[in-house]
Amino acid sequence: MRLRSLGGANAVERGLLITGATNATPIVGTATSGLLNTGNRFKTGDRVTICGVTVNTAANGMWTLTRTAATTFTLDGSAGNGA
């Protein structure tokens, strides 16, 4: 298990930008292609910390990530609370 941080102050420079988070259970996130493709940075089972989400604030916090496609993932155990 790896612990990674998404959405922090340097997220854009590192190519770790989350561009969407659904109001669903679990939350489905969409990220820039660099997040999930370059060097297989994130894999199913990785623990991630997400911060800075302002609309669907339930996405903020520490989650186990499940990759669902090249640029999408779910946050295991999450439930959306925004648009």
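## Overview of the chain

Of the 83 residues in the protein chain, 30% count as buried, where buried means under 20% relative accessible area, exposed means over 50%, and partly exposed lies in between (1.4 Å probe, protein chains only). The model is predicted: local features need pLDDT of at least 70, side-chain atom pairs count only at pLDDT 80 or more, and totals for chains, interfaces and linings use all residues. Residues are numbered from 1 along each chain as its sequence is written, and side-chain values use heavy atoms, with hydrogens and water left out.

The protein chain contains one helix and six strands, and from the N terminus on its elements follow the order β-β-β-α-β-β-β. Helices (H or I, at least four residues) and strands (E, at least two) are DSSP runs, numbered from the N terminus. Among contacts (heavy atoms within 4.5 Å) between residues at least 6 apart in sequence, 55% join residues at least 24 apart.

## Strand β6 and its partners

Strand β6 comprises residues 72-76, and four of its five residues are buried. It pairs with strand β3 (residues 27-31) in the antiparallel sense over four bridges; two strands pair if DSSP finds at least two bridges between them. Within this pairing, isoleucine 27 stands opposite leucine 75 of β6.

Strand β5 (residues 61-67) is also joined to β6 by four bridges, and the two run antiparallel. A hairpin of four residues connects β5 to β6. Threonine 64 has aspartate 76, in β6, as its bridge partner.

## Threonine 66

Threonine 66 is located in strand β5. Its relative accessibility is 22%, so threonine 66 counts as partly exposed. Not counting residues up to four places away in sequence, threonine 66 touches Thr44, Phe73, Thr74 and Asp76.

With aspartate 76, the side chain of threonine 66 makes a polar contact, side chain to side chain, at 2.8 Å. A polar contact is a pair of N or O atoms within 3.5 Å; within protein, one must be able to donate a hydrogen and the other to accept it, and residues adjacent in sequence count only if both atoms are side-chain atoms. Threonine 66 and arginine 47 are 19 residues apart in sequence, and their C-alpha atoms are 9.5 Å apart in space.

## Aspartate 46

Aspartate 46 lies in the loop between α1 (33-36) and β4 (47-50). Because its relative accessible area is 5%, aspartate 46 is buried. A polar atom of the aspartate 46 side chain lies 3.0 Å from the backbone nitrogen of lysine 43.
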